[in-house]
Amino acid sequence: MLRNQYKLVKELYTLKNDPTAANSDVRIRGWVKTNRNNGHIGFMSVSDGSCFENIQVVYNIDEHPEFADAAKIATGCSVDVSGKFILTPDAKQPFEVAAEEVILLGTCDSDFPMQKKRHSLEFLREVPHLRPRTNTFNALFRVRSVLCGAIHEFFQTNGFLYITPPLITGNDAEGAGEVFTVTTREDGDYEKDFFGKHACLTVSGQLHVEPFALAYDKVYTFGPTFRAENSNTTTHASEFWMVEPEIAFADLEDDMELMEAMVKYCINAVLERCPSEMAFFNQMFDKEHTLIDRLTAVANSEFKVMTYTEAVDLLLKSGREFQYPVEWGVDLKTEHERYICEEVVKGPVFLTDYPKDIKAFYMRINDDGKTVAACDCLVPGVGELIGGSQREERYDVLVARMEEMGIELDSLKWYCDLRRFGSVKHAGFGLGLERFILYLTNIGNIRDTIPYARTPRNLMF
Ligand code: 4AD
Ligand code: MG
């Protein structure tokens, strides 16, 4: 590999109890976080991004007068440091590098905003190109990466095929009409447009992936989705990533079992692979410092299940004044969802069997004729983490429901075809990656879970 002559800080951590590594020659590179000296000795903290921890470089100005230059290196500069690896078991950090040479690679202008002082998350949103240099985002984006890896790993090791549905599509899967149009014209004459018809960015890969479940049995998608909802909340983004598994020969029970197994697998993976990052979130983003304990408990307990009807009863009996009043038949808002999981259940909960009138056309109608075999997984601090359902596999029932909802059959004939050609019961769900990160880190705002957030009236570079 290219980096051969350089050691990663992460690698050095594996040597921290290895006496044979002591005093060996090491060379590292990275960005200066802090640099201070007392005229004789200097201490430079350097981050190379390989792990949450920085490395301390010590330079002796008395012994090496040329280090007077190193003392001038400002926060934010990039450096290349050679020296000896020194074990310091009694100090705050287990090792340091005693510098022999410090090369300044890139200078840093004095208006670099990422100085040592703590910045608010709001301020950091204004500099998305620089915030990865902070501890918070160093940790956040590593958790995000590890989580993405764990998601793929969970599905791949459980026999799921990875399908990549199109991002440009001709239909709005949820029937909600909140799509971004894709056009090369200014006049909205879509017949003369690039595709010869109205095209939009996908709101969900589900409809395109169902055909694959009916060929491969177990499949999943994992990619970006786009919604033009004008919701300015801490849990809504206009561009977000969704994981959507789809399983054949499966009902809602099987679906919920899969949701629970996946969430638990990912919690364990992140706790195990990001211990420093999670300790940081536990310390800095959770008032009670119980984030890790709560996640550990969730990974080791069964999720509760409750019907929508039961949840509405609990909300009505709660004596709470909600901003949006509740009655059977209304769509639950985040405040209701959070009350149920935070105050009643105190943990993740599946709400099942929602009224059909507030749910999508493809959800399977229950025998009562009023509700559908749908399920949302609600979690504390976030509300809805996952939305899923058993799909309507009966051709006549599906078509009748589409007609009832005024959905154009023509453009979804292909989708209905699946119900004529070897239809089987099947189910699936969608989990929003950024909401999962909110849940795992407690960071509080979806704008801080994604490299470059897109929300209403906000598209910075
Ligand atoms: O509940 P939703 O809308 O379900 C679907 O799109 C289905 N087609 C999924 C399926 O069954 N295959 O969205 C699924 C999840 C939500 O539970 C939420 O976590 C996330 O996607 N989500 C959003 N995340 C961030 N910003 C938004 N605007 C989101 N809208 C949905
Ligand atoms: Mg939903």
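Modeller: Contact here means heavy atoms within 4.5 Å. Please bear in mind that the model is predicted.

Biologist: How many residues of domain 1 are in contact with residues of domain 2?

Modeller: Domain 1 spans 3-106 and domain 2 spans 131-448. Their C-alpha centres lie 45 Å apart. Nine residues of domain 2 take part in the contact, and the number from domain 1 is nine.

Biologist: How many residue pairs are in polar contact across the interface of domain 1 and domain 2?

Modeller: The side of domain 1 that touches domain 2 has three nonpolar, four polar and two charged residues. Across this interface the rule finds zero salt bridges. For residue pairs in polar contact, both at pLDDT 80 or more, the count is four.

Biologist: Why is Cys377 too far from the closest cysteine sulfur for a bond?

Modeller: A disulfide requires cysteine sulfur atoms within 2.5 Å, and the structure holds zero disulfides. Cys77, for instance, is in no disulfide, its nearest cysteine sulfur being that of Cys108 at 5.4 Å. Cys377 counts as buried because its relative accessibility is 0%. A bond is ruled out because the closest cysteine sulfur to that of Cys377, in Cys375, is at a distance of 6.8 Å.

Biologist: What is the relative accessibility of Cys77?

Modeller: The cut-off for a buried residue is under 20% relative accessible area. Cys77 counts as buried because its relative accessibility is 4%.

Technical notes. Residues numbered from 1 in each chain as written. Chains lettered and ligands numbered in written order. Predicted model: local features only at pLDDT ≥ 70, side-chain atom pairs only at ≥ 80, totals over all residues. Heavy atoms only, no water. Domains from an automatic or database assignment. Salt bridge = Lys/Arg side-chain N within 4 Å of Asp/Glu carboxyl O. Polar contact = N/O pair within 3.5 Å; in protein donor to acceptor, adjacent residues only side chain to side chain. Nonpolar A, V, L, I, M, F, W, Y, C, P; charged D, E, K, R; others polar. Buried < 20%, exposed > 50% of the residue type's maximum accessible area, 1.4 Å probe, protein only.
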